[in-house]
Amino acid sequence: MYYNWKEQTNTEELKIVCNLIRNGELVIFPTETVYGIGANALDPLAVGKIFVAKGRPSDNPLIVHIADKRKIEEVAQDISPIEQKLIDNFMPGPFTLILKRKDNIPDIVTAGLETVAIRMPSNIIARGIITFSGVPIAAPSANISGKPSGTKIEDIRKELEGKVSAIVDGGETEIGIESTVVKVINDVPVILRPGKITPEDIKKVVGNVRIDKKVFEEINDSENVESPGMKYKHYAPESPCKLINCEDELDQIFYINKFVKEYDNKAVVIGFSEHKERIFTKDNNFIDIGSKDDLDNIAKNIYSALRKADALKPPVIFIEGVKKQGIGIAIMNRLMRTCEYNIFEK
Ligand code: TXA
Ligand code: MG
């Protein structure tokens, strides 16, 4: 069933949706980052359906969503003072913390790890569904594994309809890029996946922070990584993509035009508003992701732009790189994977 709660949550429908969760069914719902596909995290059969619906590898663990901080100790234990500080400062919000798990969390959720990822969304629809379901909700991003995450229902409806029992439409998600994933290792918060909560934000609160080196590195399949999700192909359209990231703006425009021409102008470019008139593709083949200086807006638009580009079935998609600062770190982390590390830099 499709439920439209863009304007307002419908309380009768909320009861139906929460019953579905309690009965082991899957529900797509909005969070402030991206849409999630949720199931009762305490029910291994329900969680198993998520892996089937997404075609997700079983060694990639899920995030457990809660709506009340008191619930953290029901699923996690031995919380250190630094972890507590992170919880106090960044929850609710676009932040996920890896904690030592308790045994009531089924192995399928954590992919057998001794840790569990916990997130408390701030989105009111997400919070309503978690609260009234009365159970923690395991939810990965709503997309077929490997594809860009869903930030609007229109983008993912075709892909996932028929695989879930309910779709809750809360409009476009606010942030557009998944939560920052952090694990405290030897008392240092380590960012395993960058997001809206930046390294500077974390440093301000606990004094130090590290970015896992895999955030900007290519990962070999057989490697042992802190966050299993980092090793899989991700955020990728069907068409091959190439990231163009020149320091000098004139170079940037010159090389994009040169590459586009090599494809008889049939390439699609995902680029900045400022470059729209200076990059020569056929009319629809320039997808505007907004001003180069507004990284929050680019984060919000990027997954939808990738899907839009892919729908044109071009031979190649060229994507403009952004500054690796603030949320730009997260955007570049996603785009490098989108492009499977196919990057032109100058
Ligand atoms: O914003 C978000 O985080 C969204 C919304 C729906 O909440 N969810 C999301 O889930 O992005 P997913 O499954 O697409 O990404 C979860 C990431 C994966 O990279 C996974 O490997 C990592 O978190 N992860 C989960 N549990 C972990 C654990 N115990 N240790 C290390 N990494 C973990
Ligand atoms: Mg995902």
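Analyst: A surface patch is made of residues with over 30% relative accessible area and no salt bridge, where like charges are joined within 9 Å and nonpolar side chains (Val, Leu, Ile, Met, Phe, Trp, Tyr) within 5 Å. A salt bridge is a side-chain nitrogen of Lys or Arg within 4 Å of a carboxyl oxygen of Asp or Glu. This is a predicted model, in which local features need pLDDT of at least 70 and side-chain atom pairs pLDDT 80 or more, while totals for chains, interfaces and linings use all residues. Residues are numbered from 1 along each chain as its sequence is written, chains are lettered from A and ligands numbered from 1 in the order written, and side-chain values use heavy atoms, without hydrogens and water.

User: Which residues form the negative surface patch?

Analyst: Asp and Glu count as negative, Lys and Arg as positive, and His and the chain ends are not counted. One member, Asp-288, is found in strand 15 (residues 286-288), a strand being a DSSP run of E with at least two residues and a helix one of H or I with at least four. The patch is formed by Glu-247, Asp-248, Glu-249, Glu-274, Asp-288 and Glu-345.

User: Is Glu-345 buried or exposed?

Analyst: Buried means under 20% relative accessible area, exposed over 50%, and partly exposed in between (1.4 Å probe, protein chains only). Glu-345 lies in strand 17 (residues 343-345). Because its relative accessibility is 53%, Glu-345 counts as exposed.

User: Which residues of helix 7 are buried, and why do they lie on the same side?

Analyst: The buried residues of helix 7 (residues 153-160) are Ile-153, Ile-156, Glu-159 and Leu-160. They lie on the same side because they cover an arc of only 135° around the axis, the arc being that of the directions from the helix axis to the C-beta atoms. An α-helix has 3.6 residues a turn, so residues three or four places apart point the same way. On the other side of helix 7, the exposed residues are Glu-154 and Lys-158.

User: What is the omega of the peptide bond from Met-91 to Pro-92?

Analyst: Pro-92 is placed in the loop between helix 4 (81-90) and strand 6 (95-101). Most peptide bonds are trans. The bond from Met-91 to Pro-92 is cis, with omega near -5°.

User: What is the phi of Ala-111?

Analyst: Ala-111 lies in the loop between helix 5 (107-110) and strand 7 (115-119). Most residues other than glycine have a negative phi. Ala-111 is not a glycine, yet its phi is positive, at about 55°.

Key
Accessible areas come from the Shrake-Rupley method with a 1.4 Å probe; for residues, only the protein chains shown count as cover. The place of a charge is taken as NZ of Lys, CZ of Arg, CG of Asp or CD of Glu.
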